[in-house]
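Keep the structure open as you read.

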Amino acid sequence: MTARELKAQLRNERLSARDAIPAAERASKSLAMADHAGEAVGFAPGTTVSGFLPIRSEADLKPLMARFAARGARLCVPAILDKQTIVFRELAEGVPLIETGFGTVGPGADAAILDPEILLVPLSAFDIRGHRIGYGAGYYDRAISRLREKGLHPKLIGIAFDCQEVAHVPDEPHDISLDAILTESGLRFFASWIG
């Protein structure tokens, strides 16, 4: 089995496990995530943080993002421009949300496009080393690469439920590893900058 085939198998298995979590339990686990990371992730006021608004059975980051905003973070969320590109549009209070592709919603094209310093990254599966399997389209890998080409080095926090952990993600040269992973059990660090 190739690395790509194994990734696809792990993606399907872990997303099925995530889908099986009842909605009320997902909500409770999402609140636990906000409690674990709301104060523990270190950043200065004015820091740009990209979150995401949940699709399918993803964790609901709105409580965590609200805590970050209360600490002075400038929030943004991804918007899909085409089959290759996402940008991060500012999420300001009271701004109407529209469909932004891949089943997501977010601010419209008139919202400011920001370069996040911290990215909360959705994923299908992760391992103890901080390697992740995304959803297969490569949007985040390309966006992170573009930020790095600008000389920026955003901190990457994977967002998942415990059931999405696997023993080993088959990593490839183009894969970008996480600095931390946040689940309902807590915030695990792979890099020292966060705590």
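In this predicted model, S10 and S11 run parallel and are joined by three bridges.

S12 covers residues 186–189 and pairs with S11 in the antiparallel sense, over four bridges.

Now look at the faces of S11. Both are covered. Ala180 and Leu182 are buried on one side, and Ile181 and Thr183 are buried on the other.

Next comes the packing. The largest nonpolar core has 44 residues, and Phe68, Leu120, Ile157 and Ile159 touch the most other members. Elements giving two or more residues to this core include helices H2 (23–37), H3 (62–70) and H4 (139–149), along with strands S10 (155–159) and S11 (180–183). H4 gives the most, with five residues. A second, separate core has five residues, among them Leu10, Ile133, Val166 and Val169.

Return to Leu120. Leaving out residues up to four places away in sequence, Leu120 touches Phe68, Ile157 and Ile159, among others. Its contacts also include Val49, Phe52, Leu61, Leu64 and Tyr140.

Finally, the cysteines. Cys76 counts as buried because its relative accessibility is 0%. Cys163 is at 24%, so it counts as partly exposed. The disulfide count comes to zero.

Notes: Residues numbered from 1 in each chain as written. Predicted model: local features only at pLDDT ≥ 70, side-chain atom pairs only at ≥ 80, totals over all residues. Heavy atoms only, no water. Disulfide = S-S within 2.5 Å. Buried < 20%, exposed > 50% of the residue type's maximum accessible area, 1.4 Å probe, protein only. Core = buried A, V, L, I, M, F, W, Y, C linked by side-chain atoms within 4.5 Å. Contact = heavy atoms within 4.5 Å. Pairing = 2+ DSSP bridges.
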